[in-house]
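Student: I would like to learn how to read the features of a structure. Can we go through one together?

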Amino acid sequence: RLLVASDRERDRAALVELDPETGSEGAVMFEHPTAELTALEYDHGGHTLVGVQYREAGEHRLHYFADAFAAERARIAERLPGRTIRVRSTNADNSAIGFFAYADTDTGGFFLYDAETDTVREVGRVSTLLDSIEFGPTRRFVVRAEGGPEVEAFFTEPARVEKVRAHWEERVEPGKPPLVVVPHGGPIGVRDDVGFDPMVRLLAYYGYAVLQVNYRGSSGFGRAFREAGFGQMGTGIEDDVDAAFDHVIAQGWVDASRVAAIGGSYGGYSSLMSAIRHPERFRCVVTLFGVTDLPLLFDNPNARLYDGTYEYVRRVAGDPTTDFDDLVHRSPVYRAADLEVPVFIVHGAKDVNVDVDHAYRLRVALARLGKPYRFRILRNLDHSYGGPKTAESIFGDVLRFLDEHMGPKATPR
């Protein structure tokens, strides 16, 4: 018999026995009531299964089948409270354990646990340059849009920094911080978690609060939740983002007059659609290799060549043969007249996931209407931020754009 992760006839993937000859499932070895399995945990040799991994409440969790393993990992965790522990390697008798520990406010470090002396020793840090920064915590909460499922969201406070290496003359003034909404990509099968997210922490370092939302369609919450995102681009998914935004404003955590949206891939599309749906809410929008034209998705070479890709895009975005007018209505490029805030468009010329034509089409539409925008195409970039130098260049421009429209000297709308 095999041990497999299966969501057959259940909403969330569980670890079950499987008969390879008949395909029938046997005993359920582990099933979490609210979370899906994300990975398996093996012993030193990599042959014996000792536990399973899953994510709950935005954090990485482990369940061990043997009490000895669980007790040992608990002893390690006690020495580094508030951090998530990820075991990387052990020796043959499990007396030495190498692991990585991190937190939402800590980039993390590598450690060695000695079982004989019951001690933990730090081996190295991911980045000592950030150790002096007092990053603000990430707060998790749940909301529900009208008629939608319950979704989780994360609110990250700005860092507490006296002096920053700013791209501008002044840091955001004390008081309620401005907010940047950062929807994740996908939209199906992706999620945000509590952890050290470089983009989020960069924004927080420069004085911005950040909102992330695991909207319907995100992974880790079961099949029904994931499939609830199909066909909801620009509608139900954005309703979930709106619900989280409304909660943050109702709590009084931010300056509601200074709000921006930034996203990559689907997140770029979501940011544009949010500004179209709520023009009074935002000061500016940044789309990083984002979708702007839903019908154009079906002209992607993968969608044209492979039936599976075409069908998947159809399920996610809508049917171009029966819902073409609706696809157009949910496309930022055809709604450019409704974009009333400055837009920064960034795209890679070699992007094969979201063709660079999405960026060019939006630029043409905005230019024809006399709308304010910035435009940057990176000649050798694909569907990513590239290497460190390219990422630094991109986000340097993003920070300057945000400061222009959200900083202390920005003109109020």
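Tutor: Start with the naming of elements. Helices (H or I, at least four residues) and strands (E, at least two) are DSSP runs, numbered from the N terminus. Residues are numbered from 1 along each chain as its sequence is written, and side-chain values use heavy atoms, with hydrogens and water left out. This is a predicted model: local features need pLDDT of at least 70, side-chain atom pairs count only at pLDDT 80 or more, and totals for chains, interfaces and linings use all residues.

Student: How many residues does α8 give to the lining of the second largest pocket?

Tutor: Take the term first. On a 1 Å grid over the protein atoms alone, a pocket is an open set of points with protein on both sides within 12 Å along at least five of seven lines; lining residues have an atom within 4 Å of a point. Here α8 supplies four residues, the most of any element. Helices α2 (198–205), α7 (301–305) and α8 (307–317) and strand β15 (259–264) each supply at least two.

Student: What is the volume of the second largest pocket?

Tutor: A volume is the space filled by probe spheres set on the grid points, which are joined across faces, edges and corners. For this pocket that gives about 690 Å³. There are 33 lining residues, and Gly186, Ser265, Tyr266, Val354 and His383 are the closest to the centre.

Student: How do the residues of that lining divide into nonpolar, polar and charged?

Tutor: Ala, Val, Leu, Ile, Met, Phe, Trp, Tyr, Cys and Pro count as nonpolar; Asp, Glu, Lys and Arg as charged; the others, Gly among them, as polar. The lining has 18 nonpolar, 13 polar and two charged residues.

Student: Now the strands. Which strands does β9 pair with?

Tutor: Two strands pair if DSSP finds at least two bridges between them. Strand β9 (106–114) runs antiparallel to β8 (96–103), with seven bridges. Ala96 has Asp114 as its bridge partner. Two residues separate β8 and β9 in their hairpin. Six bridges also join β9 to β10 (119–125), again antiparallel. There Phe110 is partnered with Gly124. The β9–β10 hairpin has four residues between its strands, and Asp118 takes a positive phi near 55°.

Student: What is the strand order in the open sheet of three strands?

Tutor: The order is β1-β2-β3, with antiparallel pairing. β1 (2–6) and β3 (25–30) are edge strands with a single partner each, so one side of each lacks a neighbour in the sheet. Five bridges link β1 to β2 (14–18), and Ser6 stands opposite Ala14.

Terms used
1 Å grid on protein atoms, 1.4 Å probe; cavity = no way out; pocket = protein on both sides within 12 Å on 5 of 7 lines; lining within 4 Å.
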